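Q: I would like a close look at one part of this model, the contacts between charged side chains. Please go on from there to whatever surrounds them.

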Amino acid sequence: MVKAVLRGLAAVALAVLPATVSAPAHAADTLPLAEAVAGLPVSIESRDGYSRDKFRHWNTGDDPTDGCNTRAEVLIHEAVEAPSVGPGCRLTGGSWWSYYDATLVTSASGLDIDHMVPLAEAWDSGASAWTSQRRESYANDQGAEPSLVAVTARSNRSKADQDPAEWMPPATDVHCQYLAEWVGTKLRWDLAIDEAELDALEDMTMGCPGQTVTYEPAP
């Protein structure tokens, strides 16, 4: 739950720049969930040619000098109680809140780093046309809190490569948050949805009055 609060704070914390400073090329946007869903392109999905190996991960992360790969950096960042970081970025101790299934995890080995929009789903939705470098950026995206999520291995493997028409988190009270993070990730990376996904999102959005989506287009 701590992580969910931190995410919420990060989503609304927008810096006010002095007039003498140039605005960033990609500004964050906040939309009502229904409006965000309506802004997603709709297309037929295809998995032709997909291979997980076409999305290089985990790479050296945001700080290539810290000796930790992306997975470890996400674990360190999302910890409720910070782990000790040993030689080779070996993590000991610490605790994490897996919001998909409302579970406190006290061992890093019990966690997976979930791609909010799974790699296969991203491929189906437009990443098949990307360069290998852009797919690597996607697979290691720490530029937006929802992109990579530390969750229990069992919940991540239950989700697999399914979209919200096929799978939602076991913890029903986080469904609106999950939908917002799914839609925000697709908007961030300009990924499409198919008709079944659109129908599911529109249907579930009706149960999330007041929910907003904050996203910043990927560089």
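How many salt bridges does a search of the whole structure find?

A: The model is predicted, so local features are taken only at pLDDT of at least 70 and side-chain atom pairs only at pLDDT 80 or more, while totals for chains, interfaces and linings use all residues. Residues are numbered from 1 along each chain as its sequence is written, and side-chain values use heavy atoms, with hydrogens and water left out.

A salt bridge here means a side-chain nitrogen of Lys or Arg within 4 Å of a carboxyl oxygen of Asp or Glu. Helices (H or I, at least four residues) and strands (E, at least two) are DSSP runs, numbered from the N terminus. A residue is called buried under 20% relative accessible area, exposed over 50%, and partly exposed in between, with a 1.4 Å probe and protein chains only.

The whole-structure search gives nine salt bridges. One of them joins the side chains of Asp 161 and Arg 47, with 2.5 Å from N to O. This pair links distant parts of the chain, 114 residues apart: Asp 161 is in the loop between helix H6 (153-159) and H7, and Arg 47 is in the loop between helix H2 (33-38) and helix H3 (70-78). Asp 161 counts as partly exposed because its relative accessibility is 31%. Arg 47 is partly exposed as well, its relative accessible area being 34%.

A second pair is Arg 56 with Glu 136, whose closest N and O atoms are 2.5 Å apart. Arg 56 lies in the loop between H2 and H3 and Glu 136 in helix H5 (residues 132-139), so the pair ties together parts that are 80 residues apart in sequence. Arg 56 has a relative accessible area of 48% and is therefore partly exposed.

Glu 195, Asp 199, Glu 202 and Asp 203 form a negative surface patch. Patches consist of residues with over 30% relative accessible area and no salt bridge; like charges are joined within 9 Å, and nonpolar side chains (Val, Leu, Ile, Met, Phe, Trp, Tyr) within 5 Å. Asp 199 belongs to helix H8 (residues 195-205) and counts as partly exposed because its relative accessibility is 46%. In the loop between H7 and H8 is Asp 190, which is exposed because its relative accessible area is 61%. Phi of Asp 190 is near 55°, a positive value in a residue other than glycine.

Helix H7 also holds Glu 181, which counts as buried because its relative accessibility is 8%. Glu 181 and Thr 212 are 31 residues apart in sequence, with 9.6 Å between their C-alpha atoms. Tyr 178 and Trp 182 both lie in helix H7 (residues 175-188), four residues apart, about one turn of the helix.

Rings of Phe, Tyr and Trp (its six-membered ring) pair if their centres lie within 6.5 Å; planes under 30 degrees apart count as stacked, over 60 as edge-to-face and the rest as tilted. Twelve aromatic pairs are found across the whole structure. Among them is the tilted pair of Tyr 178 and Trp 182, 6.3 Å centre to centre with 35° between the planes. Separately, Tyr 50, Phe 55, Trp 123, Trp 130, Tyr 138 and Trp 189 form one aromatic cluster.

The loop between H2 and H3 also contains Trp 58. His 57 and Trp 58 are joined by a cis peptide bond, with omega about -10°. In helix H2 itself is Leu 33, buried because its relative accessibility is 1%. Leu 33 and Leu 201 are 168 residues apart in sequence, yet 9.4 Å apart in space, C-alpha to C-alpha.

Definitions and conventions. Areas by Shrake-Rupley, 256 points an atom, 1.4 Å probe, with all protein chains shown as cover. Lys, Arg positive; Asp, Glu negative; His and termini not counted. Charge placed at Lys NZ, Arg CZ, Asp CG, Glu CD.
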